Amino acid sequence: MARSIKTIACVAAVISAALSTAALATPWSDPLYDYIYFSDATKTVQVGYQAGVCYNGYAGVAEHAVGTVTSHYVLVRTGTCTSNGAIYQ
């Protein structure tokens, strides 16, 4: 009986280690968006733009916007940043 408990514990430890290693190897992804800024809430006159970029696999936006940044914007999904830094659409 003691031998079967040790065997079960050993198998459980191996499975646990394998699952945690697989979880670390699984790539994650972060959605990538561009921001389009508008002059007012009607969103008819575009006044600015900010491109989405990947920083070491994390999605963000370019440091500087083109035009004017306002509180009236839409997000346009342009792709995905993966954990290895690649961008795909």
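Colleague: Let's start with the cysteines: how many disulfides does the structure hold?

Modeller: The structure holds one disulfide, counted when a pair of cysteine sulfur atoms lies within 2.5 Å. Before we go on, this is a predicted model, where local features need pLDDT of at least 70 and side-chain atom pairs count only at pLDDT 80 or more, while totals for chains, interfaces and linings use all residues. Residues are numbered from 1 along each chain as its sequence is written, and side-chain values use heavy atoms, with hydrogens and water left out.

Colleague: Good to know. Which residues form the disulfide?

Modeller: C54 and C81 form the disulfide, with their sulfur atoms 1.7 Å apart. The pair links distant parts of the chain, 27 residues apart: C54 is in strand 3 (residues 52–55) and C81 in strand 6. Strands here are DSSP runs of E with at least two residues, helices are runs of H or I with at least four, and both are numbered from the N terminus.

Colleague: And why is the disulfide of C54 and C81 called left-handed?

Modeller: The torsion about the S-S bond is about -105°, so the disulfide of C54 and C81 is left-handed.

Colleague: Are C54 and C81 buried or exposed?

Modeller: Both C54 and C81 are buried. Buried means under 20% relative accessible area, exposed means over 50%, and partly exposed is in between, using a 1.4 Å probe and protein chains only.

Colleague: Zooming out, what is the order of elements from the N terminus on?

Modeller: The protein has one helix and seven strands, and the elements run α-β-β-β-β-β-β-β.

Colleague: How many of the residues count as buried?

Modeller: Of the 89 residues of the protein, 16% count as buried. The accessible surface comes to about 6400 Å², and 63% of that belongs to carbon and sulfur atoms; these areas come from the Shrake-Rupley method with a 1.4 Å probe, and for residues only the protein chains shown count as cover.

Colleague: What about the aromatics, how many pairs are there?

Modeller: The structure holds three aromatic pairs. Rings of Phe, Tyr and Trp (its six-membered ring) pair if their centres lie within 6.5 Å, with planes under 30 degrees apart counted as stacked, over 60 as edge-to-face and the rest as tilted. The rings of Y35 and Y37 have centres 6.1 Å apart and planes at 20°, so this pair is stacked.

Colleague: Which ring pair is tilted?

Modeller: Y35 and Y73 form a tilted pair, at 5.2 Å centre to centre with 45° between the planes. Y35 lies in strand 1 and Y73 in strand 6, so the pair ties together parts that are 38 residues apart in sequence. Ring pairs link Y35, Y37 and Y73 into a cluster.

Colleague: One last topic, the backbone. Which residue has a positive phi although it is not a glycine?

Modeller: K43 does, with a phi of about 55°. Most residues other than glycine have a negative phi. K43 sits in the loop between strand 1 (29–38) and strand 2 (46–50), and K43 is partly exposed, with a relative accessible area of 37%.
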